[in-house]
Amino acid sequence: MKISNNLIGILNFLTLILSIPILLTGIWLHKQATSECERFLEKPIIILGVFLLIVSLMGFIGGCCRVTWLLWFYLFFMFLLIVVLFVFTIFAFVVTNKGAGESLSNKGYKEYRLGDYSNWLQKRVNDNGNWNRIKSCLQSGKLCIDFHSQFLNDTADKFYLQHLNALQSGCCKPSNDCGFTYQNPTNWTMPAGGTYTNPDCDTWTNDPKVLCFNCKSCKAGLLDNLKTNWKKVAVVNIIFLIFLIIVYSIGCCAFRNNRRDGWKRY
């Protein structure tokens, strides 16, 4: 048996083993999910697990058992995956190119404006259905509960010097524009009859279940967090793309071997 066929067989056997825990995780989430956040994750995980399982089986059987038509389908799906990953990587760099936190005088944290980020990302978070799911994830993850506990004993001066992350700054406290008086991290005194240029000031409430989860600053904080994560994912994708192209090249050699052996037998 040719070396390329052996390599394709081994690589796809490893991927086949990897697909099983991914698929089982998706099935477990489907049965055990109790929050909107968990239910949101189950379908992509199951689809990824099934895709890896099917493609790995095609590559393993096609390479080791010399089933040429299966190997052809394997290479076709691999080519599609390479194209999709390439397009996604470029797209991720383009849509995350805009936007950054605004530094504040005498403050350790930054604040975030929704209008600073790409229009495509803004449309995603301004959709009520999307935002309600995201908000459910943030609330079930106890983002602001942990924030409250972490900085509960801070005086106002000490709190203002804290280096808050984008989500804490955007979702768990009011904007600096509001001029509210600090009582504790999630409780602020609002001046009577105040008028504000920033609509988030009217949206803010001291209710621990609401806070600023409906504010534009919370959406902007999420986008800043997403921007950072997407850029990391894009770098990983580039490495993964190189690996896929190498595997695809080996698969092409195995496919050529299968066809050559078929012609010899003929």
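1. Among contacts in the chain between residues at least 6 apart in sequence, 67% join residues at least 24 apart, contact being taken as heavy atoms within 4.5 Å. The model is a predicted one, in which local features need pLDDT of at least 70 and side-chain atom pairs count only at pLDDT 80 or more, while totals for chains, interfaces and linings use all residues. Residues are numbered from 1 along each chain as its sequence is written, and side-chain values use heavy atoms, with hydrogens and water left out.

2. On overall architecture, the secondary structure of the chain comes to ten helices and four strands, where helices (H or I, at least four residues) and strands (E, at least two) are DSSP runs numbered from the N terminus. Read from the N terminus, the elements follow the order α-α-α-β-β-α-α-α-α-α-β-β-α-α. The chain is more spread out than a compact globule, because its radius of gyration is 25 Å, well over the 18 Å that the globule rule gives for 266 residues; the radius is taken over C-alpha atoms, and the rule is 2.2 Å times the number of residues to the power 0.38. Along its principal axes, the C-alpha trace spans about 90 × 35 × 30 Å.

3. Buried residues make up 39% of the 266 residues, with buried meaning under 20% relative accessible area, exposed over 50%, and partly exposed in between (1.4 Å probe, protein chains only).

4. A nonpolar surface patch of about 1100 Å² deserves a look in the viewer, its members being W69, W72, F73, F76, F79, L80, V83, F86, V87, I90 and V94. Patches are made of residues with over 30% relative accessible area and no salt bridge, like charges being joined within 9 Å and nonpolar side chains (Val, Leu, Ile, Met, Phe, Trp, Tyr) within 5 Å.

5. G49 belongs to helix 2 (residues 36-64) and is buried, with a relative accessible area of 0%. Leaving aside neighbours within four places in sequence, G49 is in contact with S19, I22 and L23. From G49 to F76, which are 27 residues apart along the chain, the C-alpha separation is 18 Å.

6. The salt bridges number four by the rule used here, namely a side-chain nitrogen of Lys or Arg within 4 Å of a carboxyl oxygen of Asp or Glu. In one of them, the side chains of E102 and R113 meet at 3.0 Å, N to O; this pair links distant parts of the chain, with E102 in strand 1 and R113 in the loop between strand 2 and helix 4 (119-126), eleven residues apart. Both partners are partly exposed, E102 at 35% relative accessible area and R113 at 24%.

7. R113 also forms a salt bridge with D177, the closest N and O atoms being 2.9 Å apart. Since R113 lies in the loop between strand 2 and helix 4 and D177 in the loop between helix 8 and strand 3, the pair ties together parts that are 64 residues apart in sequence. D177 is partly exposed, with a relative accessible area of 40%, and salt bridges that share partners join E102, R113 and D177 into one network.

8. A further salt bridge is formed by K173 and E111, whose closest N and O atoms are 2.7 Å apart; K173 is in the loop between helix 8 (166-171) and strand 3, E111 is in strand 2, and the two are 62 residues apart. Both residues are buried, K173 with a relative accessible area of 1% and E111 with 5%.

9. N106, in the loop between strand 1 (102-103) and strand 2 (110-111), has a positive phi of about 60 degrees and is exposed, with a relative accessible area of 65%. K142, in the loop between helix 5 (128-140) and helix 6 (143-151), has a positive phi of about 55 degrees and is partly exposed at 47%.

10. Strand 3 (residues 181-184) and strand 4 (residues 187-189) pair in the antiparallel sense over three bridges, pairing requiring that DSSP finds at least two bridges between two strands. The two strands form a hairpin with two residues between them, and T181 has T189 in strand 4 as its bridge partner.

Note on methods
Accessible areas come from the Shrake-Rupley method with a 1.4 Å probe; for residues, only the protein chains shown count as cover.
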